[in-house]
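Let's walk through this structure together, beginning with a single residue and widening the view from there. Keep the model open beside you as you read.

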Amino acid sequence: MAYSVVSGSYINRLYGDYRSLASGSQRASASNKLLVTADSAALKRGTTVMSRLDFGSADETDSSVENKLFYNNFRAFMDTLNNTLSSSSSSENSDIKRLSKEIKKLSKDYEEKLSKLGISISDSGYWSVDKETFEAIDNKKFEEIFGEDSDFSSSVKKLAKRLIRHVNAWV
């Protein structure tokens, strides 16, 4: 696997009833259809969580507690996105594979903006974050990409919803 997953309450909250599939041995033994189901639902939730975070205002300084909460929520979103890429790109369903490619393309389209936030995109589309760079940036700067009105967040959410529809139609 080309990425690591941080376990904990943040990612478990995104996975809900599927929390056992967020990471670990349960993922290895689960069917691809179940993984795509769990990952796409968690990605949809993760996008909602990210868009509703308090990004602060330009004239206030973020506290270390706010930065840690923000980072943990982002990390859960990132791990969920990586899980979704992993399960959907491994799918035997061509529609789901196509949607995986769309998520990768969307990430590449935002790669320059994401890199300024300490977020890197690998050639295979997986995200990683430089924690020190990420935490040194004012949370307000993340709103352009992850805020409620951002094109990126709404696009990821739409792709996650389409994945859910396709997996539900998968026979």
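Start at Ser88, which sits in helix H4; helices here are DSSP runs of H or I with at least four residues, strands are runs of E with at least two, and both are numbered from the N terminus. This is a predicted model, in which local features need pLDDT of at least 70 and side-chain atom pairs count only at pLDDT 80 or more, while totals for chains, interfaces and linings use all residues. Residues are numbered from 1 along each chain as its sequence is written, and side-chain values use heavy atoms, with hydrogens and water left out.

Is Ser88 buried or exposed? Its relative accessibility is 0%, so Ser88 counts as buried (buried means under 20% relative accessible area, exposed over 50% and partly exposed in between, with a 1.4 Å probe and protein chains only). Setting aside neighbours within four places in sequence, Ser88 is in contact with Val36, Ile96, Lys97, Ser100 and Leu163, where contact means heavy atoms within 4.5 Å. Lys116 lies 28 residues from Ser88 along the chain, and the C-alpha atoms of the two are separated by 27 Å.

Now look at Thr80, whose place is also in helix H4, residues 64-89. Thr80 has 0% relative accessibility and therefore counts as buried. Beyond its neighbours within four places in sequence, Thr80 is in contact with Ile11, Leu14, Tyr15, Asp39, Ala42 and Leu43.

What about the helix as a whole? Of the 26 residues of H4, 20 are buried, so H4 is largely enclosed by the rest of the structure. At 1.5 Å a residue, H4 should span 38 Å, and its end C-alpha atoms are 37 Å apart, which agrees; the expected span is 1.5 Å times one less than the number of residues.

Along its principal axes, the C-alpha trace spans about 55 × 30 × 25 Å. Buried residues make up 47% of the 171 residues. Among contacts between residues at least 6 apart in sequence, 68% join residues at least 24 apart.
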